[in-house]
Amino acid sequence: MTKDTFKVKVGLAEMLKGGVIMDVTNVEQAKIAEDAGAVSVMALERIPSDIRKDGGVARMSNPHMIKEIQDNVSIPVMAKCRIGHFAEAQILEALEVDFIDESEVLTMADEHFHVDKHPFKVPFVCGARNLGEALRRVHEGAALIRTKGEAGSGNIVEAVRHMKMITSQINELKSADLSKKAEEYRVPLELIEQVAKNQKLPVPNFAAGGIATPADASLMMQLGAETVFVGSGIFKSQDPSERAHAIVKSVAHYHNAKDVLVASYDLKDAMKGILMSDIPEEEKFSNRGD
Amino acid sequence: MIGVLALQGNFQSHLNILEKINLESLQVKSVKDLDRISGLIIPGGESTTMSKLLDNSNFVSEIKEFAKNNPILGSCAGAIIMSRNSFDERVLNLGLLDIEIDRNAYGRQVFSFSDKIQVIDGKNKSLCEVLFIRAPKIISVGNDCSVFALRNDEIIGVRQGKHFAITCHPELMHETKIHEMCFKSN
């Protein structure tokens, strides 16, 4: 029996497909998320839109708060560590979280290196804006990739950009010089060859960053996302429980506009959202980590 | 044609296995899809999520009706949903197999693992590589059931009539044996 193979880590990502992973900051929200049909919750002290507003250093959440959520829901519980902060990751593994998000939403701990994720038993998810970034993270041991989008913005434009970029760069590999691409993306040739052949990432590919409505979720699924993360979009809206239910239904039936319509019908206002032009470059979460 | 319930979970890997053993397949997203198929797979995923989505779309009575004449294979969350009882009000149990099952019984993801299991097909026994992902455990088996998969001495696969339930994931290791038993020689 083995416990630590890469396939076991990717196995959990496989189970999360076709679902919604919701940011929650306390037990009550976690229960609302589970009751709405979330496949997993991301336990964190402050959701991205509040991190953006509050400023200061954003770190791994208080383990006590994560533990309380673990004790109260049966679905997998994820938590975030800072980019490169392998000690935070070790603590989260000791806490037995089900997935670690090495996240650009938190303040970076290492400006040059991400966590070496291979030695961990717990799987990691990492954000990416393009194929090179996605494959560098996979090479470091990430079992799941998500778009970075722009967390806490309520604006889907960056997630769309990142998902389309990854898709088109995978397509480009059909006719590209693969060894040049391996050099450009700073990853081994075998990894590039595998992606060129299969025409998909070696691990599941989810969407995150700016998803606020059932239509946003459907859009990302139709663009090729296999599951969506919803951060501030649910608990910053006027009707978190209804919106959570609606987004779950929209992801399950994203191919059928009538189902998405029915799910959207009675919702109140979504979170307000921010224009990308109103976020200074140095304050964009998605620029953190490469 | 064999359907794979495609509301949530790893339905795509089951579709790949069906293609590998030359069976036509269909993603089952709504009740009317059941009319087109002669067998169904309930895949792994989150059993709470699948329960919610099944309950919302009056699938329950239709799947029970379908099960009277057609085989159903459940893997992991699918096995939980097919069972008689999983002791959790958040989860739906269709009672297609007389088994009781305990959710996430090995612990959280850090206790997930890969292993070889023994698959029993009549007099033939073979080994199969599988993944156990936050897997459930079968804790009781009714008299009308028979065991078709073991991990050492532990019962991990049970059949009753046409229906099969297994607590792990052969499909993620590209194993076809169990799908063949359920849909080709059943």
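S40(A) counts as buried, because its relative accessibility is 0%. Keep in mind that you are looking at a predicted model.

**Around S40(A)**
- You will find S40(A) in strand β2 of chain A, which covers residues 40-43.
- Although 19 residues separate S40(A) from I21(A) in sequence, their C-alpha atoms are 4.9 Å apart in space.
- Beyond its neighbours within four places in sequence, S40(A) is in contact with several residues, including L16(A), V20(A), M22(A), I75(A) and M78(A).
- A polar atom of the S40(A) side chain lies 2.8 Å from the backbone oxygen of P76(A).

**The nonpolar cores**
- In soluble globular proteins, nonpolar side chains tend to be buried together.
- The largest nonpolar core here has 81 residues, and among those touching the most other members are M22(A), I66(A), I69(A), L40(B) and I72(B).
- Not counting residues up to four places away in sequence, I69(A) touches V24(A), V27(A), A30(A), V41(A) and V77(A), among others.
- A second, separate core holds 27 residues, including C128(B), F164(B), I166(B) and C182(B).

**Where two helices meet**
- On the α12(A) side, H245(A), V248(A), K249(A) and A252(A) meet K52(B), L53(B) and N56(B) of α2(B).
- Sorted by class, this contact has three nonpolar, two polar and two charged residues.

Conventions: Residues are numbered from 1 along each chain as its sequence is written. Chains are lettered from A and ligands numbered from 1 in the order in which they are written. This is a predicted model: local features need pLDDT of at least 70, side-chain atom pairs count only at pLDDT 80 or more; totals for chains, interfaces and linings use all residues. Side-chain values use heavy atoms; hydrogens and water are left out. Contact means heavy atoms within 4.5 Å. Helices (H or I, at least four residues) and strands (E, at least two) are DSSP runs, numbered from the N terminus. Ala, Val, Leu, Ile, Met, Phe, Trp, Tyr, Cys and Pro count as nonpolar, Asp, Glu, Lys and Arg as charged, and the others, Gly among them, as polar. A nonpolar core is a set of buried Ala, Val, Leu, Ile, Met, Phe, Trp, Tyr and Cys residues joined through side-chain atoms within 4.5 Å. Buried means under 20% relative accessible area, exposed over 50%, partly exposed in between (1.4 Å probe, protein chains only). A polar contact is a pair of N or O atoms within 3.5 Å; within protein, one must be able to donate a hydrogen and the other to accept it, and residues adjacent in sequence count only if both atoms are side-chain atoms.
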